[in-house]
Amino acid sequence: MKFLPLVWKNIWRRKFRTTFTLLSIFIAFVLFGILMTIRYSFSFGVEIAGADRLVLIHKISLIMPLPVSYQARLQQVPGVQLASHQTWFGGIYQDPSNFFANIAVVPEPFLKIYPEFVLPPDQLKGWLDDRQGAIIGRDLATRFGWKIGDRIPLTAPIWLPKGGGTTWEFNIRGIYDGGDMVDKTQMFFRYDYLDENRIQGEGQVGWYVVKISDPSKAVELAHSFDEMFANSSAETKTTTEKGFVEGFAKQIGDIGSIMIAISSTVLFMFGLVAASTMAQSVRERTSELAVLKTLGFSDTSILGLVLTESLFIAFTGGLLGLGLAWLFVQGGDPTRGMLPIFVLPARDVAIGVGLMAVMGLVAGVMPAIAAMRLKITDALRRA
Amino acid sequence: MQWIAQTLAVLALNIRTIPARLSSSGVAIIGIAGVVVVFVSVLSIAAGFQAAMQGSGSPDRALVLRSGADSEMTSGLSGADVDVIKQAPGIRRDGKAALAAAELMVIIDLPKMVTPDAPANVPVRGISAESIPMRTEFSMVEGRMFEFGTNEVIAGRAASGQFVNLKVGDTVVTGQNRWNVVGIFEVDGGVAETEIWIDARVLQGAYRRGNTYQSLLAQLDSRDSYDAFRDYLTSNPQLNVSIRRENEYYASQSQALTRLIRTVGYGIAGLMGIGAVFGAILTMYTAVATRAREIATLRALGFNTGSVLVSVLAESMVLGLIGGSIGGAAAYLAFNGYQTSTMNFQTFSQVAFAFRVTPELLIMGLTYALLMGLIGGLFPAIRAARLPIPVALREL
């Protein structure tokens, strides 16, 4: 510890060079943080998908409707806690670029199946009392500045209202909240409002979400549901919510590996910059290191000095970079709604810190070993 | 003139000594090359996707959807609507029948070859007899056209390459239906190559759609008859439809995804560029520092500061040029023509496309590389030009 001032002096012997090395590493980790955030948002929250929830869709495709009568039949299956349906509305607020998900649900079972959506009890009551009521996520409320009591018109691309035209109106009755990983960009409204007021498609729903008592029975139950509806006019395909979300993410293509490939390129590139400057700065100091050895510094303490220096640079630049990335992510999704879950997962922060250590060690180890092996006489003569 | 000669002399000296400083120059080159690879390859995704979408559709055809529908997928037209629309002026009529085709779209789940365990949303288009004569870009590449009235289908070339069970002779099983693939078609690289085509009436029966369709594609008499066609339909109280030129429709379908890819691409490349500039600054700074004595000597001999400055900048830009060329070449070799598919959120269906490393992208990449070299060389160049001669001569 007492040699820290020496390390400190060495780090700043060439201020210009150290500053720029720090900046390179800083930028590398800002990028790392942002890329990992994007990667995560394209996994659509698969890590928090409930293991005790099954998703039941039409066998041909998610866009094909299912009859609302399946609700009662699903509810009777032993092992089912609660079954409820959802219907994609696809409503557009003013312009298609304002896209957000809006889904028709049955309020009470919906909130029981998704306890991660937190809605104050008085707002739930308000929603239950108002057929045209809807609840919106905190992020969606912020995005358009909507408040409880606002009346929102949405243009319906699929379901035309009986009253004519293409516009449906909703009253905001609640704003739901939830943890970091919860998608707070959605709007949920009442299925009865949709079903009573649409011209066609009465009694049809989009898909079912079933909460089961024992997650280990998931596969069995999924099979029994699909068998129950086999050979009917609407056959089904049931998967766990996790499987469903993963399948959805796979449809997009492999964004995750593209992001990881870019991050690796970036980190490799900047790691190289750091390593080459470290090596150079040690090379310049050959004679000084020889003097230290003459004074009685052991080989290991020389190794320690050089490694401390490179680790210091890697961690300072890296932590500042990851910190800035974190701050940036707190600011929310910059694409306005295309990346609904925009968080830097804790796991990736940990990986980042690990990478800093690796970068510091790799950059420092070659010059450190060279310094350790230095023969005093050679080194002094070379200078 | 003398100034230019001096600059060239110093520059030649600098460049000839690059190999001697290989490791340090290498860092700058690799840094810049890395940025250019990422920049060009990410934007080539957007370019490829956009090309596939914009290459679809012609300004000479108009697409009719139900008013409010944002894509064919969400639209709906009754058989009666279709009959009314076909009476509209502005449609080309060869002989008597209007050259207009009512079509139907559904999505079926088929796995991609690369992810055989996960279903993907593959669009199926039910077509009418007029659909094919109207699309002059259509051609069969393998097998034959399906027979109307049967459960035969033809698959787009991209669909056949991306999804399982879409080769000639295969059978597609979806729900209780079995469709035999009898041919593979092409439409000049358009997005319809990701579709499966079948007789619209067969599809109506299979999906219990009755006599309904989702869109109507009309061949305009001429490009200018669009207004007459649109005005007639929008002013007809029997109808509730929206009309767009086909190419404009497809262009609007590609907006969201293209913008997302571009935002991500520019953002990442911008940040990486800053990092690469730092790398270049370090390299050039080192280059100047190790040659402080030579530079001072030159200046003592009477070379003016301007030529020293320009020569350092030029050296840095040469590094940028090398890095940019390597990066552009690598991106081209690795990604140009790379076939993939993704889900277009606007239509909720898969679109297959190939990455396109266009000449414009390569030029942008190279320009960016030169810019990084220029900015990276600026501070070291100023430093070299300002170096006090006596101090520098004494250094080392």
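A:R39 lies in helix α2 of chain A, which covers residues 15-41; helices here are DSSP runs of H or I with at least four residues, numbered from the N terminus. This is a predicted model, in which local features need pLDDT of at least 70 and side-chain atom pairs count only at pLDDT 80 or more, while totals for chains, interfaces and linings use all residues. Residues are numbered from 1 along each chain as its sequence is written, chains are lettered from A in the order in which they are written, and side-chain values use heavy atoms, without hydrogens and water.

With a relative accessibility of 17%, A:R39 counts as buried, a word that means under 20% relative accessible area, with exposed meaning over 50% and partly exposed in between (1.4 Å probe, protein chains only). Among the residues that A:R39 touches, leaving aside those up to four places away in sequence, are A:G256, A:M259 and A:D348, where contact means heavy atoms within 4.5 Å.

Turning to chain B, helix α1 spans residues 2-16, and B:Q6, B:T7, B:V10, B:L11 and B:N14 are its buried residues. Seen down the axis of α1(B), they fall within an arc of 130° (taken from the directions from the helix axis to the C-beta atoms), so they line one face of the helix. On the other side of α1(B), B:Q2, B:L8 and B:R16 are exposed.

Finally, consider how the chains meet: 55 residues of chain A are in contact with 54 residues of chain B.

Key. Helix = DSSP H or I, 4+ residues; strand = E, 2+ residues; numbered from the N terminus. Expected span 1.5 Å × (residues − 1).
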